[in-house]
Amino acid sequence: MSVESPARSDPLEVAWFGALCDDDYQYLGVPDPALASSWEHCRDIALAAERNGFDNILLPSGYTLGIDATAFAAGIAPLTERMRLLLAVRMGELWLPQLARQIATIDRMLGGRLTVNIISSDIPGETLESAPRYRRTLEWMHVLRTLLDGQPVDFHGEFVDLTLDPPRAATVSGRCPMFYFGGFSEAAKETAAEACDVFLTWPDTVAGVEATVNDMKERAARRGRSLRFGLRSHVVVRETPDAARAAATALVSRLDDQVGAAIRGRSLDAASVGVLRQAELRDQSDRDGYVEANLWTGIGRARSGAGAAIVGDPDEVVAKLRAYRQVGIDAFILSGYPHLDECDRVGQHVLSRLDHGHLARR
């Protein structure tokens, strides 16, 4: 990967991960009370991301896992000055008018720096088949965007029946924040093509990511729309290739496979198409867990969702990110274990070498 492709000139966003969902470890699968999701720990991660120059930070949403993302976003907002927040909200979980007011209020607290990660997994305590769940998500996205654009709603659908003026609380711009959205089923992709701004994909080979980007471009174009694209990935960066691979190995050195399976199974999206693709990548990997150069799938042994990491020295990690950039990625949402330590490493060794800034609003 020594030959670099020409740089793209459109905006790039590099975000970090807030670990609100009890996903922080020194050794995967070995809980550490000091790394459990809490106001103090997640606050420190967010402030480290701002200090290191990240453009955004994902605040994930869980029910049985960790602390509440919306409450955390409101708490951390006054402590940040530059970085955006990417707030995860689950469609169907809150009353739509109240959700619109919460989002607008937090955006005001941030001076217009809020972005929204739309989640379409089951509501806690409820199971809904994929097709109707995404129909509900699409209705919610449509109505939420209308309210946040400051427009009245007169919508009578399968899941939303609402006639209402927009709330007085409005975002700084007077428009809906950008919607980030990920999903790999047919219903998810069609929903994304119809209603999101940034489509998020999980770690895959460079060719696999390119295929996803091209597929989603075509789906959006059929609707007269265009999308930006983001990649959610873990990172293990060290000063040398051998040190990086050793750190990756150490991360899973105390993992019991049954514990790893239990961790994967407790997520609300544990049986999704995207999760199955992450398992497929693990099956295709070599005996050390690498499915292609610098893409290590071992991390997926102990977590649901994004199940691979970019592993290497600074040159290798930057080259891998640039390779994804060349096939259409406009935003990276990165993470590493423990999140505070890896945030500093990525900030020092990787972020300073990427030409990045806020992803421009369409």
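**Reading aromatic pairs and buried residues**

Author: A search of the whole structure finds 6 aromatic pairs.

Reader: Before we look at them, what kind of model is this, and how are its residues numbered?

Author: This is a predicted model, in which local features need pLDDT of at least 70 and side-chain atom pairs count only at pLDDT 80 or more, whereas totals for chains, interfaces and linings use all residues. Residues are numbered from 1 along each chain as its sequence is written, and side-chain values use heavy atoms, with hydrogens and water left out.

Reader: How is an aromatic pair defined, and which geometry do Trp-16 and Phe-54 show?

Author: Rings of Phe, Tyr and Trp (its six-membered ring) pair if their centres lie within 6.5 Å, and planes under 30 degrees apart count as stacked, over 60 as edge-to-face and the rest as tilted. The ring centres of Trp-16 and Phe-54 are 5.3 Å apart and their planes stand at 45 degrees, so this pair is tilted. The pair links distant parts of the chain, 38 residues apart, with Trp-16 in strand E1 (residues 13-17) and Phe-54 in the loop between helix H1 (39-51) and strand E2 (56-59); helices (H or I, at least four residues) and strands (E, at least two) are DSSP runs, numbered from the N terminus.

Reader: Are Trp-16 and Phe-54 buried or exposed?

Author: Buried means under 20% relative accessible area, exposed over 50%, and partly exposed in between (1.4 Å probe, protein chains only). Trp-16 counts as buried at 0% relative accessibility, and Phe-54 counts as buried at 0% as well.

Reader: What are the distance and the angle between the rings of Tyr-25 and Tyr-337?

Author: Tyr-25 and Tyr-337 form a tilted pair, with 6.3 Å from centre to centre and 50 degrees between the planes. Tyr-25 lies in the loop between E1 and H1, while Tyr-337 lies in the loop between E13 and helix H11 (339-349), so the pair ties together parts that are 312 residues apart in sequence. Both tyrosines are buried.

Reader: When does a charge sit over a ring, and where is Arg-232 placed?

Author: The criterion asks that NZ of Lys or CZ of Arg be within 6 Å of the ring centre and within 35 degrees of the ring normal. Arg-232 lies over the face of Phe-17, 4.2 Å from the ring centre, and the charged end of Arg-254 sits over the ring of Tyr-27, at 3.9 Å from its centre.
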